[in-house]
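Work through the exercises below with the sequence and the coordinates at hand, and try each task before reading its solution.

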Amino acid sequence: MNELLRPVYLEEKLEQVRGDGHQDYRSKSLPTWCPGCGYFSMAEGFTFALNRLGIDCKDAVVVSGIGCASRFPFFVSTYGFHTLHGRTLPVATGVKLANDALTVVAIGGDGDAFAIGGGHIPHAARRNVDLTYLVFDNGIYGLTKGQTSPTSALGFKTSTTPYENADEPLNPLMLLLAYRASWVGQAYAGRQHHLADMIVEAIAHRGFSYLNILSPCVTFDKTDMTYANLDVQVRDLPDDHDSNDLMAAMAEASQGDAPPLGVLYNVDRPTLTDVMDETARRSKETVS
Amino acid sequence: MRQISEQATSSARSRNIAVLGFIAGLFNMPGDVFRQIIESKFATKTKSVVEGASKAFDAGLAAGRSVFKLDDVIVGKAREDANGADAVMMTGNGAIVRGFLEAGIENYFGYPITPATTIMERLAVEMPRHGGKLLQTEDEIAAIAATIGAGYAGARAATATSGPGLALMAEMIGLGVMAEVPAVVVVSQRGGPSTGMPTKTEQSDLNLALYGSSGDAQRIVLAPTNVEGCYRCAGMAFELAEKYQTPVIVLMDLYLSNRYETVIPPKENPFVQKSNIRPSSKNGKVYQRFALTDSLVSPRALPGEEGLMHTVTGLEHNELGRPSDAADVHMAMSAKRHEKFQSAIEYPGISICKRFGDEGPVDVGILGWGSTFGEIIETMLAAQHEGIRCSAMKVVMLSPLPLERINAFFDDCREVLVPELNYEGQFAQLISGATGRPVRRFTRATGSPIVVEEILAEVRALASTTKAAAKPRIRRAKRAKKHAPQTSLS
């Protein structure tokens, strides 16, 4: 029979979804996000990535801050720590140093990351802590019902900027490249399969990996970072992009009007644990 | 000294050794110990150098013994259970480091701040050798955040700071309380508020240590009164933090951090290693991280353990750890977080509070905490010498407060004096609030250690008002006159 003419049965489809194993990483709590929120793609991509990489639920720790994105740990069945606003990265650093065998994923929104938590990012990046930082960037504060964020566009009207946002938005990718993160990439909630692949790559990277995920807030942003707008704006990185070239990555990242999707930068250098192991070795040689 | 040196050795070069001999003589110390030290110190020099130094020392010793006579100075006998080799000279900060290392510290996160910095400096040398990991973070917020993160993952983790750093850490300590994560925070106080007086001592961060955070966020607070206490509190803090799953603050100050004392540490490591209460995963039920048990402490699973996955949060939560703002949940969980460590006031291996001096009813009781207690004991001895019935009590555990024993102390004292190094009388407020009884405050905010003579004047004034009867008063006055020089012990 022609495959296209074959009827689709619900049970058969469910079997297929459950059988592949990634649903095992979802908890029994249903996400509290609004219907249509881009964050559902992240939950799906995250569970897909852990399943693909064969990381057991017990060996993964999700550390989050405060905000819509930071509710994430409740919706997956790994270990989770829902911490304070902006403090995701230092808590995650502590978890990783205490137990190097764990896969540590830090999750936060753009406000959690770049407003209140902005001071911690350079240090986690330059130390090359072996963890993955997923920032769900929707350019708005959703949990507090629609205020401007550090990545909100100029001219964006919100409840705290009723006469238009006058603050120049931050460019997360350029910041992370300048902070010497060893892996920097960008994905878009509207391209779910690419997003899942990027999460796989980010977690697989040994060192600090930063994935910026563009994601519409369907409730509080009807004009700017919408699916309709982003669908047109985003673009793939050129085929010949050299992810070892910091300046090439900077040039791509600087084009904020046409956000590039893919791995902008990827280098290998010693992680914080590597450095500490070396320190331990030297401390035993030094007599004082 | 020049003269003593020249007469003994026909040279002024040995006058430093003569001074050493003079001081030894002044305090009537035995000379043999010093002669041995001189011999070993100059072992590489010629025989004449050793002989010269010994002669200068002997001359100084003789002069010291004859020139002045200090009646009030009594050099106690050496403890019989220890010889000189067991004694260690250390500072409060050095004692914290020793306590941490013996308790098996695994992770330390810190940010430099006077007067706590030397704790981190010493740990930076020692921890890598003992398999520990130390990181200088970008600020105090990151330091406590990483400490909480490591504690969540099961490590013995600590940080140390001073008042301004503690102010930054307050929110994260609240998370530790809410998510029931063990963490140890050493706080060495300095003059405040704000940047204050970084190189001066003060006891003005008590309120911050006790209450600093949002909401009802009681935690365990220990305030050692001497250097040995710093060692014991630092080690025990890990045990308490793990056993009760809560942040523990060890509150000291610049004076205690930097002063040297002779300590005879126990020969055997006194600290219990890793005392987490673990869940049994085999019962097939869904794991409840915050189960309401009889002891109110819930068995804690650590990341990496099969079948016990859960999420902890700073949101109010039910027994599963799921967010909940239901009235009965918040009531039950608030009670859990407060009542679970009330039994800490009976905790073995640490002196929670202790009474010294006269037993039974007394005229004046001096209640103290932290580094000030040394001066308090000296004041008490001087007052007793003057005929004032006096006792002193130190409170080491400031949260939870050993209220029963403090009340018993109040029952015995006609007047209770609370001397402390701050302006507001923070400990006096705590005590009178908790006991509902009046206390006499004696607060000093000079930036320097409290002066015995000043506390003694307060004790005298209180003692004279407590007994109206004339007869004993005259008798005491006579005795006071007789022992007049004693009052200048400071």
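**Exercise 1: chain B as a whole**

Task: find what share of the contacts in chain B with a separation of 6 or more comes from residues 24 or more positions apart.

Solution: with two residues in contact if their C-beta atoms, placed from the backbone, lie within 7 Å, residues 24 or more positions apart account for 76% of those contacts in chain B. This is a predicted model, in which local features need pLDDT of at least 70 and side-chain atom pairs count only at pLDDT 80 or more, while totals for chains, interfaces and linings use all residues. Residues are numbered from 1 along each chain as its sequence is written, and chains are lettered from A and ligands numbered from 1 in the order in which they are written. As a next step, take the secondary structure, where helices (H or I, at least four residues) and strands (E, at least two) are DSSP runs numbered from the N terminus; chain B has 17 helices and 15 strands.

**Exercise 2: Gly365(B)**

Task: locate Gly365(B) and decide whether Gly365(B) is buried or exposed.

Solution: Gly365(B) belongs to strand β11 of chain B, which covers residues 362-368. A residue is buried if 20 or more other C-beta atoms, placed from the backbone, lie within 10 Å of its own, and exposed if 12 or fewer do; Gly365(B) has 28 within that distance and is therefore buried. Beyond its neighbours within four places in sequence, the contacts of Gly365(B) include Ser391(B), Phe409(B) and Val416(B).
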